[in-house]
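Here is a short briefing on one protein model. Look at the sequence and the structure first, then read the points below.

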Amino acid sequence: LRQYDVCAKLLEQHLQISPSEETRQLREMIEAETLVSLPARQDTPPKILRETGPLAASNQRAYIYRSAEMVLQKPRRLFGRDVLVAVVNQRLDQNETILLHGMGGFGKTALAATVAADRISANAQPVIWLELGNSDVVHLLEGLARAFEQERSLARKDHDERLLLIRELLHQADALLVLDNAWNERALFQLLKAVPPTIPVI
């Protein structure tokens, strides 16, 4: 609770925003001691998806931005993050994968969008933006393929071939890849196998 209050104060001071309603409700639940304990994690290894044949119906779609003004998630201004933006850009110049983590509403998406827009303006580097949510790897691969109008080609391939197709598409695009709002760690782990080492990732 003390950490929540500190973060809420920082949000108000630097961004003039309040924590999200979901975050405020979580604080109230903790304070009221009404949280339900999660079941213990199982030691069984995760199952690797090997689906073949037609893709499951999904509206998942990645977006390719080539103009900084088109980055929908970019805030008008980002306060107090100049040093962090510079560090992230430096690491991305080395084609590293950057993980932004923190409480909901703390500005992770705003930071990623600001960096993405800056790189478009400075380097004319396109940005591929994919909202992950809790989707499985099949839908995520489909979303990336749809951005390149390659979903039909993807549907005819097995799992490993799909990874290879997406890897080739990303390699040709030579873009910054932003994977936003990732909740399914297994799907994220599988998706990253399709990302070439020459592609910077947030």
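**Helix packing and cores**

Helix 5 passes helix 7 in a left-handed crossing. Left-handed means that the near helix is turned anticlockwise from the far one by less than a right angle. Helices are DSSP runs of H or I with at least four residues, and strands are E runs of at least two, numbered from the N terminus.

This is a predicted model: local features need pLDDT of at least 70, side-chain atom pairs count only at pLDDT 80 or more, and totals for chains, interfaces and linings use all residues. Residues are numbered from 1 along each chain as its sequence is written, and side-chain values use heavy atoms, without hydrogens and water.

- Helix 5 gives Val137, Val138, Leu141, Leu144 and Ala145 to the contact, and helix 7 gives His159, Arg162, Leu163 and Ile166. Contact means heavy atoms within 4.5 Å.

**The largest nonpolar core**
- This core has 27 residues, and Leu141, Leu144 and Ile166 are among those that touch the most other members.
- A nonpolar core joins buried Ala, Val, Leu, Ile, Met, Phe, Trp, Tyr and Cys residues through side-chain atoms within 4.5 Å.
- Helix 5 supplies the largest share, seven residues.
- Leu144 touches Ala62, Ile128, Leu130, Ile166, Leu177 and Leu191, not counting residues up to four places away in sequence.

**Asn89**
- Asn89 sits in helix 3 (residues 82–93).
- Asn89 counts as buried because its relative accessibility is 16%, and buried means under 20% relative accessible area (1.4 Å probe, protein chains only).
- Asn89 touches Val115 and Arg119, not counting residues up to four places away in sequence.

Definitions and conventions:
Buried < 20%, exposed > 50% of the residue type's maximum accessible area, 1.4 Å probe, protein only.
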